[in-house]
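Here is a short note on the model, as a set of numbered points. Please read them alongside the sequence and the coordinates.

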Amino acid sequence: MTLTIPFDNSYARLPERFYTKLAPTPVAEPGLIAVNEGLARQLGLDPEALATPEGLAVLAGNALPGGADPLAQVYAGHQFGGWVPQLGDGRAILLGEVTDSDGIRRDIQLKGAGRTPYSRMGDGRAWLGPVMREYIVSEAMYALGVPTTRALAAVTTGEPVFREGAMPGAVLTRVAASHVRVGTFQYFAARRDMDALGALTEYVIERHYPDAAPAERPAQALLDAVIARQARLIAQWMGLGFIHGVMNTDNMSLAGETIDYGPCAFMDDYHPGRVFSSIDQMGRYAYANQPQIAVWNLAQLATCLLEQIDDDRETAIDLATEAVNRFPDLYQNAWLTVFRAKLGLEREAEGDGDLAQNLLSRMAEGRADFTALFRALCTLGEDAAEDGPARDLFAEPALFDGWAALWRERLTQEQRGTTARQDAMRAANSAHIPRNHRVEEAIQAGVAGDYAPFGRLMAALARPYEDPPEYADLKIPPRPEEVVRQTFCGT
Ligand code: AMP
Ligand code: MG
């Protein structure tokens with residue numbers, strides 16, 4: 001079976017200073033970890049062909065499929081708030097773009113594909129751990145209903161990658177609505193390259209925000225739409241206890257997808273200040289800081305768009321400032337929508353935000369597991385005597401009781417019956433998330449050549465709102481000795 005990929009590469013048609021065209025660097029011995037069948041089909045690709053030696057050669061960067069126009073994109077960015085005038089794909093190569101079964105153009109990119117002019121001190125490679133982590137977490141996010149880049153495949157390279165020691169090398173095939181980042185705009189804005197900024201703005205509007213094109217000020221409509229998408233995205237992260245870990249401006253996608261799964265993690269027990277990334281020593285990207293950081297990043301984007309928004313600088317600054325200032329309300333509304341659903345509230349009532357915050361404060365005090373607690377709420381009925389599954393998750397179970405009384409009082413304002421509420425809540429509170437200790441377990445087995453735990457984890461995460469008994473062990477919070485406290489970006 002031959003592998004044909006119907007590429008149509010729009011990014012490669014942008015001006016040459018947007019990228020460097022180069023092919024992936026071949027590896028010693030490609031080995032299959034996983035091919036994502038559902039995603040392959042969605043992209044119009046044959047999953048079986050991808051798993052043949054010919055397909056593996058493509059996924060490892062050893063062969064180029066017809067129609068590919070490989071390139072590394074250039075961008076800049078603020079990393080932990082510090083300006084870096086040039087970053088770029090230091091270990092990723094965009095093979096090209098295809099249109100999926102929904103009519104959406106998708107990038108197909110190899111991550112870990114070798115050095116590029118943007119590699120700086122890096123080796124251009126990835127090791128198996130971060131590749132498996134990104135595969136697991138991005139596909140989990142997809143199944144959880146969160147906009148995200150996806151994983152089409154993962155392969156081993158048969159070559160060592162040197163990090164703390166020699167680790168097995170791997171390549172992830174990443175699929176994204178695009179890889180344009182806030183940092184892509186920053187790269188050209190810093191160089192005062194207005195032609196490039198104009199072309200990039202037009203490109204992003206055409207590809208992601210066609211509704212902005214006919215607006216009086218298309219760049220302002222673009223900014224508004226990007227801000228609205230980010231507000232919803234971050235609210236979804238917050239509703240899952242997800243911590244991105246490295247929300248640098250080069251890791252914020254213009255398409256509004258979660259991108260760049262490095263030291264990301266889902267919380268076990270809830271704390272608003274939770275940080276996992278080993279390099280985030282100041283807690284800049286802590287759970288509760290994520291909305292503020294999003295505003296900060298969006299303000300950088302707004303700055304880059306000023307000249308496109310209006311020829312008059314004052315007018316442009318006013319409009320851009322207003323747009324950024326709308327984020328807190330947009331975010332608060334999105335957050336309320338997420339948490340109302342989590343609490344089984346169909347109606348909107350004054351005080352719903354306080355009710356949710358009240359629970360979160362108690363969870364922090366009682367070190368309640370985020371995912372398990374919200375899932376346990378789905379089982380509760382009218383009788384407080386049967387609240388055990390939820391209250392037992394608190395170090396001090398009585399912490400739950402005071403809140404449960406407020407919640408039941410609020411539920412009296414709802415029309416829906418108990419069973420309907422419980423069903424709806426189960427669709428808003430997943431049983432499964434990729435728990436850190438399970439991800440680590442799957443990686444450790446993978447490093448030893450056993451991908452069975454990975455496969456089992458992926459099967460549970462593919463339907464996270466269902467709770468089949470055969471995966472019950474995977475939803476259990478870690479025992480104290482299993483808790484993972486730190487994650488690494490793996491670069
Ligand atoms: P990240 O933290 O993954 O978003 O990466 C930040 C920057 O470092 C990007 O420009 C990456 O391409 C680059 N980078 C990360 N890891 C490597 C590596 N192993 N080799 C070369 N460049 C890398
Ligand atoms: Mg990045």
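At what angle do helix α7 and helix α9 pack, and how far apart are their axes? The first point answers this, after a word on conventions. This is a predicted model, in which local features need pLDDT of at least 70 and side-chain atom pairs count only at pLDDT 80 or more, while totals for chains, interfaces and linings use all residues. Residues are numbered from 1 along each chain as its sequence is written, chains are lettered from A and ligands numbered from 1 in the order in which they are written, and side-chain values use heavy atoms, with hydrogens and water left out.

1. Helix α7 (residues 218–240) and helix α9 (residues 313–325) pack at about 15°, and their axes are 9 Å apart. That makes α7 roughly parallel to α9 (angles under 35 degrees count as roughly parallel, over 145 as roughly antiparallel, 65 to 115 as roughly perpendicular and the rest as oblique). Axes are lines fitted to C-alpha atoms, for helices over the stretch in contact, and angles run from 0 to 180 degrees between N-to-C directions. Helices (H or I, at least four residues) and strands (E, at least two) are DSSP runs, numbered from the N terminus.

2. The α7 and α9 crossing is right-handed (the near helix is turned clockwise from the far one by less than a right angle; anticlockwise is left-handed). On the α7 side, Q220, L223, D224 and I227 meet L319, A320, A323 and V324 of α9, where contact means heavy atoms within 4.5 Å. By class, this contact of α7 with α9 has six nonpolar, one polar and one charged residues (Ala, Val, Leu, Ile, Met, Phe, Trp, Tyr, Cys and Pro count as nonpolar, Asp, Glu, Lys and Arg as charged, and the others, Gly among them, as polar).

3. Helix α4 (residues 128–143) and helix α17 (residues 452–462) also pack at about 15°, with axes 9 Å apart, and are therefore roughly parallel to each other. Their crossing is right-handed. From α4, M132, Y135, I136, E139, A140 and A143 meet F454, L457, M458, L461 and A462 of α17. The contact of α4 with α17 has ten nonpolar, no polar and one charged residues.

4. Between helix α10 (residues 327–342) and helix α11 (residues 352–366) the angle is about 65°, with the axes 10 Å apart. That makes α10 roughly perpendicular to α11. The crossing of this pair is left-handed. W335, L336, F339 and R340 of α10 make the contact with D352, G353, A356, Q357 and L360 of α11. These residues divide into five nonpolar, two polar and two charged.

5. A nitrogen atom of ligand 1 is 3.2 Å from a side-chain N or O atom of R91. Polar side-chain atoms of R120 and of N251 each lie 3.0 Å from an oxygen atom of ligand 1.

6. Most residues other than glycine have a negative phi. R120 has a positive phi, near 50°, and is found in the loop between β7 (105–111) and β8 (126–127). D260 also has a positive phi, near 70°; D260 is in the loop between β11 (242–243) and β12 (265–266).

7. P117 is found in the loop between β7 and β8. Its C-alpha atom is 7.1 Å from that of G90, 27 residues away along the chain. Not counting residues up to four places away in sequence, P117 touches T20, L22 and Q86.

Note on methods. A polar contact is a pair of N or O atoms within 3.5 Å; within protein, one must be able to donate a hydrogen and the other to accept it, and residues adjacent in sequence count only if both atoms are side-chain atoms.
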